[in-house]
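Colleague: I'm new to this one, and I'd like to learn how to read it. Could you walk me through it feature by feature?

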Amino acid sequence: MSSSDVEHSYMFGAQLLRAGHGASHTRFRLWAPSAQSASVVINDVAYPLQAQADGWYQAEIECGAGTHYKFETADAEGNLLRFADPASRAQAGDIHDASIVVDPLAYHWQFPLWHGRPWNETVLYELHVGVLGGFEAVQHQLADLAELGITAIELMPVADFPGTRNWGYDGVLLYAPDASYGTPEQLKALVDTAHGLGMMVFLDVVYNHFGPDGNYLGAYAQPFFRNDIHTPWGQAIDFGKHEVREFFTENALYWLREYRFDGLRFDAVHMISEQDWLVEMGQRIRQEIHSDRHVHLVLEHDGNAAHLLGNTHDAPFNAQWNDDGHHVLHTLLTGENDHYYQDYATQPAEKLARCLAEGFVYQGEATLTRNEPRGVPSAHLSPSAFVLFAQNHDQIGNRAFGERLSTLARPSALKAATALVLLSPQIPLMFMGDEIGATQPFLFFTSHNEELAQAVRDGRRQEFVAFAAFADAQQREKIPDPNAVETFMQSKPIASAHAQEWRTWISTLLHVRRTQLFHHLHGCRALGACVLGDAAVAARWQLNNGQVLAIAINLAPSEVSVKLDDIAKTGGADLLFETSGTLASLGRDCLPADSFIALLEPAA
């Protein structure tokens, strides 16, 4: 029996009793320590919830799956507030509509014995469900991605957000898949289909804030937040409170159990003030998810938190998104040095070499833009503790006009960088549209009410004041309106004229990774990296079978003088992959412009 066939009990929300057996009773639970009383409202009838210790309210009501309900609280003055369940499993519409009682065992899994894949076999493909048409539409695209060589898709956040268009980071009902994408059963079918194709599914979750519309916790559960710390989204969530910690820890467990996600990506966790909760949550997941499942936990952490990585008891996370790696690649590919890219514009080849050899570029050094130390030492970690990418939703969509690298970099340089990402021992991540050479932007989009829409519109344009290109207010006015429907529509990737060329390029690279590297990456260790030129580096790693992977890349528009022996110990080495003519050029002691080569040295 799989974990998804077992009924799990959660502290928050509506729990169908005896789920899967025609249950007709539901337990409703609400943590409302700031309320004087609480009720659950079904068909406009308010059923009182009994007050319990520590601010909890609870009742068992005769109703079953499909029941629509809301909670209602009264404050000390008798003022009533009616709202969706903060732990709603599904919504009858949007965030302000009724919540729905869900039977977690109603879906019949087609591949219940799926146990996932080892972390070293992970090739991530990040996508936005709404842009691609919803859960069912994504499900129909999975076979094509599997054929390409993708082993894991990563969904941008799906938790219920305001309106029908949103990146997902404005979620307010964190247990409910957004209704505009489809039903809980359709999301489970997407995951199930992926498993049948041998693909894992990851979910991006946001625990550092709630969206600006539809979150009423501050009215009836004021201790959920703390007044002494403010974030870009308002009051900080108080992870010092037991109930708050449980709300988010159970949410992580919920997605992994009931939807059988294979992994979670935790968004911007550096914004969580109580960092010890991260370890506690990770340990709980490792303890409570059956050990026969491969479950992977990935951080986004601006502090380069190497101490949290390694998939051990005290460091329970598999990996962190390697923003340093992206930033230096982007600088080399585009020449941009504005804003945070200036931290990577000086000696970028040295920084890329450090990224390949040690993981993070910044391991305690001060950056130019912050003038304070960032990161901790990471050289002791396996390369698989880092997720490497040339672009993702953030690095495209946080640009004013959402340009992809396909419109910013020389195609030949981008192909070489793609080869590095897909053949490096770090875990590779692609963004939707990469495989078809898409040139459409991926813009920041929302569908807020008009009051919020204006605030978001103004805030979005204000974000770019520090960029030289947008110092002028008239230039900032050209930044697309996040709330406009056309902004969303323009973000849909379309196959370019070079789509087949890109697909063949990526498919070939992933075939090499799958056949030559997958099974030898666990326990892989870096042997070092060196600078070959202003935009050229070489790096070597020892695989777990004793063989050595050696690579060299030149992202400059001109060749550099290099001897083949500077890249690898070539006696008996096999050529894994090269951009056209690279090996022959190295025979003449030069590494061509926009080139990449990977060699496999025999075991000593």
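Modeller: Happy to! Let's start with burial: a residue counts as buried when its relative accessible area is under 20%, and as exposed when that area is over 50%. Keep in mind that this is a predicted model. Take cysteine 590: its relative accessible area is 9%, so cysteine 590 is buried.

Colleague: Is cysteine 63 buried or exposed?

Modeller: Cysteine 63 has 9% relative accessibility, so it counts as buried.

Colleague: Let's turn to the whole chain. How many helices and strands does it have?

Modeller: The protein chain has 15 helices and 30 strands. Along its principal axes, the C-alpha trace spans about 85 × 60 × 45 Å.

Colleague: Why does the radius of gyration agree with a compact globule?

Modeller: We compare two values. A compact globule of 604 residues would have a radius of gyration near 25 Å, and the protein chain has 25 Å, so the two agree. Buried residues make up 61% of the 604 residues. Contacts tell us about the fold as well: of those between residues at least 6 apart in sequence, 71% join residues at least 24 apart.

Colleague: Now a single position, please. Where is valine 295?

Modeller: Valine 295 sits in the loop between α5 (276-288) and β18 (296-299). Its relative accessibility is 6%, so valine 295 counts as buried.

Colleague: Which residues does valine 295 touch?

Modeller: Setting aside residues up to four places away in sequence, valine 295 touches Leu256, Asp262, Ile285, Arg286, Ile289 and Asn318. As for histidine 498, it is 203 residues from valine 295 in sequence and 36 Å from it in space, C-alpha to C-alpha.

Colleague: And where is glutamate 300 found?

Modeller: Glutamate 300 is in the loop between β18 and β19 (319-321). With a relative accessible area of 10%, glutamate 300 is buried. Leaving out neighbours within four places in sequence, its contacts are Arg265, Phe266, Asp267, Ala268, Val269, His270, Asp323 and Asp394.

Colleague: How do I read the empty space inside?

Modeller: The general idea is that rolling a probe the size of a water molecule over the atoms shows where empty space is left. In this structure, a search of the whole model finds seven cavities of 30 Å³ or more.

Colleague: What is the volume of the largest cavity, and which residues lie nearest its centre?

Modeller: The largest cavity has a volume of about 170 Å³. Its lining has 15 residues, and Ala390, Gln391, Leu414, Thr418 and Asp434 lie nearest the centre. Both α10 (411-423) and β23 (427-431) supply at least two residues of that lining, and the largest share, four residues, comes from α10. By class, the lining of the largest cavity has eight nonpolar, five polar and two charged residues.

Colleague: What is the volume of the second largest cavity?

Modeller: About 100 Å³. It is lined by 14 residues, and those closest to its centre are Ala14, Gln15, Arg89, Val102 and Pro104. Strand β1 (residues 13-16) gives the largest share of this lining, three residues. Sorted by class, the lining of the second largest cavity has nine nonpolar, two polar and three charged residues.

Note on methods
Residues are numbered from 1 along each chain as its sequence is written. This is a predicted model: local features need pLDDT of at least 70, side-chain atom pairs count only at pLDDT 80 or more; totals for chains, interfaces and linings use all residues. Side-chain values use heavy atoms; hydrogens and water are left out. Buried means under 20% relative accessible area, exposed over 50%, partly exposed in between (1.4 Å probe, protein chains only). Contact means heavy atoms within 4.5 Å. On a 1 Å grid over the protein atoms alone, a cavity is a set of points where a 1.4 Å probe fits but cannot get out, and a pocket is an open set with protein on both sides within 12 Å along at least five of seven lines; lining residues have an atom within 4 Å of a point. Grid points are joined across faces, edges and corners, and a volume is the space filled by probe spheres set on the points. Ala, Val, Leu, Ile, Met, Phe, Trp, Tyr, Cys and Pro count as nonpolar, Asp, Glu, Lys and Arg as charged, and the others, Gly among them, as polar. The radius of gyration is taken over C-alpha atoms; the globule rule is 2.2 Å times the number of residues to the power 0.38.
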